[in-house]
Amino acid sequence: MTEISAPARPQRGAVAYILRRSPVAALLVALFLIAALLGPWLAPHSMTDTNLGQALQPPNATYWLGTDALGRDVLSRLLGSAGIAAQAFLIVVLTGGVLGTLFGLVAGGIGGLTDLVLSRVIEILQGFPTVLVAIVIVALLSPSLTNAMIAVGLAAVPDFARVARGVAIQLREREFIQAARGLGMGEMRILASEVLPNMVGPLIIIASFDGAQAIMWEAALSFLGLGVQPPYPSFGSMLREAQNFLAIQPSLAITVGLTVSAIILGLNLLGDGLSDYYDRSDK
Amino acid sequence: MTKPTKTGLAGAAVMNRAQFLKLLGGSAFATMTGSFGLTTAALAEGGDLVVGISSDIKTLDPQMSPLDVFRHTIRSTVFEALVFINPETLSADPMLADSWQKSDDGLTWTFNLKSGVTWHNGSPFTAADVVYSITRVQDAKVGSPFAPQLTAISKAEAKDDKTVVLTLAHTVPGLLANLAVIQIVNEASIGTITTAPVGTGPFKFANWAPGDRIRVEKYDGHRDPPKVAAIEWRIVPDSQARLAGLQDGSLQMVALVEGKDVIQAQSSAGIEVIQTKPYVLYENFNINTKRAPFDDKRVRQALAFAFDRAAYTKSIWFGFARPTINPVPPEMATYLPGSAEQYPFDLDKAAALLAEAGFSKDKPLTMEILTPTGFDSLKSMALVLQDNLNRIGHKVTVRELEITVWIDRILTKPDYDLTTNNYNTGPEDPASMFNSPNLAPTANVSLWNPPGYADLVGKAAAEIDPKKQVELYQELQKLLLEEMPQITIDHLPLFFLGSEATKSLVIGPSGIDDYKKIAL
């Protein structure tokens, strides 16, 4: 075929496809987004105010999901944690996504020695143990969500880089790229305006999986006291506190655990759905 | 109000592990429980007592660490002092000293040592060891935190192998209580005290894997040998994991637990709560009084008003702790009547005092509260104070630190604003509290030593007339409550969890326990 055309740019139809194919994913992700964006306004109580007189209340009319050991409203804290989780998601996807895509795009698009060097750098990054790097960064700086998540973001760089590089290599010899070259466009401009838009689909899929991972890492690091600092809630620190009362008030740990699982499940299903969608539209 | 539901819930939820496994049934689980049973039985037969503790010790030198975990481990087993404070009578029982006499003027004390006592390396224990140990603690170069206990002793000498004579600069009613926390060490092996300590205690040191476990083994040469072959302390920072260990038999005892653990244990069959008198320990905030703005007593008083002690003891300690602002418990004769209730929870008053000191919503007080990991109640304490102060517009952060880092920040450097802490009240001797690392005029965590304080502490400790001594101690408490270098929160007992067999543990009021009677 001699027809010169860029592959279909994928956005259109993706949302409709997800809604149709995996409504559960759509629902869970939508709930997560609502909680993350509107949490502070939706929360029935303060998420940080302690009230020792109301400690460890079971779920009731005032406190729908009960209260924790310091009398703080569990529902409000869960909503706050969703906001933190969303921040973790964003920081990781932005750090990993921007750096990874840049690395992959340049490596795959230019090839040769550049590819060789960048690929090795990516492999080195891939070898880093995420948790250890996160702990070291937090120890050097100080415990905070941003510090912990930048470490996790660095660990996500290889995922994005590999996908971006793969797509870039695939596209490099395609007709529309050669046409662009023939028109006298510079390599960097071709990468930015022709190659990059065509890897958005696969990158979004990676983002949904790595973002879900980020939420898990955030919970894990906060569980260890290395992430969000008190009094602000996070799934991890809530779980850590709930663990102390497993036998007295099991609902504490169960609600947090179920919430995190639901968010991760939603994001993973979303990733699967998107993956199906792009596979189909590629063919 | 909330209590009945809570215990009700706990009753339903805490079936013990055996019941849980039974419930699950199935042959796989039967084999599993079978093997579980086997390992527990094997442990018990070997006679190893496995104890869970929350955090690690920092050194093996008994004269160098005031840490609670250390008192209840190495100091209680490998080493001995001249006397042992009986937790029931709060008076001194013989330990390395068989008997003692004091001269009529109270300035010369003669201790007759037990004969036939040997060090774990086989060499005989003599009066020279006692003299060496006392002078070592007193030596400023050694820097022992126990030095304030011995300020009254001007001379220690060995009259013969079995007699020690202590000469005092002034009289001290609590000399025996002071000596009860001074472990006697062996001069010949002092070089290896941090790696292979040698003591006279019923157990000899076996090994210490930092962060993991500490092991001591029965010393057959002891005059009253213990019944268990060894004690192994496992460092399990997570309280839920310690409780689970107790339930599945991998731990036979858990040391120093909190109210939430006691509540959970009470509803499990077969777990016994072992506890001391209810005023052996107090929890508090230490304030760095050398650092602005905490050098201003109005700021310190404001912090004292900003904490609801009654609600804290009720919900975090499930009522096992008793709220107070005065570290001296009402049970002691020296207690200042009515003082426990001073500084009632009053956020308006706290805000007003802070405003006087120049802090308001527009110019908030910024501070950091440190709290050591592994102490959940202390962390809750920090979070409650943080929230109360943030609510009136201030900027408080809470930082949880590993215990060794925490010690470095509060004692070694010191570099902190506020820290949570707890300490023994020392009910056996009123002088003990004011000579503890929290309050000793020579050196204390709060770096607090106002003019006249050292004199008053010295005078009170030396006063022989009980009535006058009470007056002096009440004056000290007034000073303490006015100046507020530390905010006391509550009095509480020490809690251990164990089984019927481990109930014979004797928990000493100063943290020196007797494990000899435990038979598995």
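**View 1. Strands around E10 of chain B.** B:Val51 stands opposite B:Trp233 in E10(B). The model is predicted: local features need pLDDT of at least 70, side-chain atom pairs count only at pLDDT 80 or more, and totals for chains, interfaces and linings use all residues. Residues are numbered from 1 along each chain as its sequence is written, and chains are lettered from A and ligands numbered from 1 in the order in which they are written. Strand E1 (residues 48-53) of chain B pairs with strand E10 (residues 230-235) of chain B in the parallel sense over six bridges. Strands (E, at least two residues) and helices (H or I, at least four) are DSSP runs, numbered from the N terminus; two strands pair if DSSP finds at least two bridges between them. Strand E9 (residues 213-218) of chain B pairs with E10(B) in the antiparallel sense over five bridges. B:Trp233 is also the bridge partner of B:Ile214.

View 2. Strand E5 (residues 108-113) and strand E7 (residues 163-168) of chain B pair in the antiparallel sense over five bridges. B:Thr108 has B:Thr167 in E7(B) as its bridge partner.

**View 3. Helix H12 of chain B.** The 16 residues of helix H12 (residues 376-391) of chain B should span 22 Å at 1.5 Å a residue, and the end C-alpha atoms are 22 Å apart, which agrees. The expected span is 1.5 Å times one less than the number of residues. In H12(B), 14 of the 16 residues are buried. A residue is buried if 20 or more other C-beta atoms lie within 10 Å of its own, exposed if 12 or fewer, and partly exposed in between, with C-beta atoms placed from the backbone. Just after H12(B), B:Gly393 takes a positive phi of about 95 degrees.

**View 4. The contact between chains A and B.** Chain B contributes 27 residues and chain A 24 residues; two residues are in contact if their C-beta atoms, placed from the backbone, lie within 7 Å. The largest share of the chain B side, seven residues, comes from H12(B). By class, that side has 11 nonpolar, nine polar and seven charged residues. Ala, Val, Leu, Ile, Met, Phe, Trp, Tyr, Cys and Pro count as nonpolar, Asp, Glu, Lys and Arg as charged, and the others, Gly among them, as polar.

**View 5. Surroundings of B:Gly498.** B:Gly498 lies in strand E19 (residues 495-498) of chain B. B:Gly498 counts as buried because it has 24 C-beta neighbours inside 10 Å. Leaving aside neighbours within four places in sequence, B:Gly498 is in contact with B:Gln252, B:Met253, B:Glu272, B:Ile274, B:Lys503 and B:Leu505.
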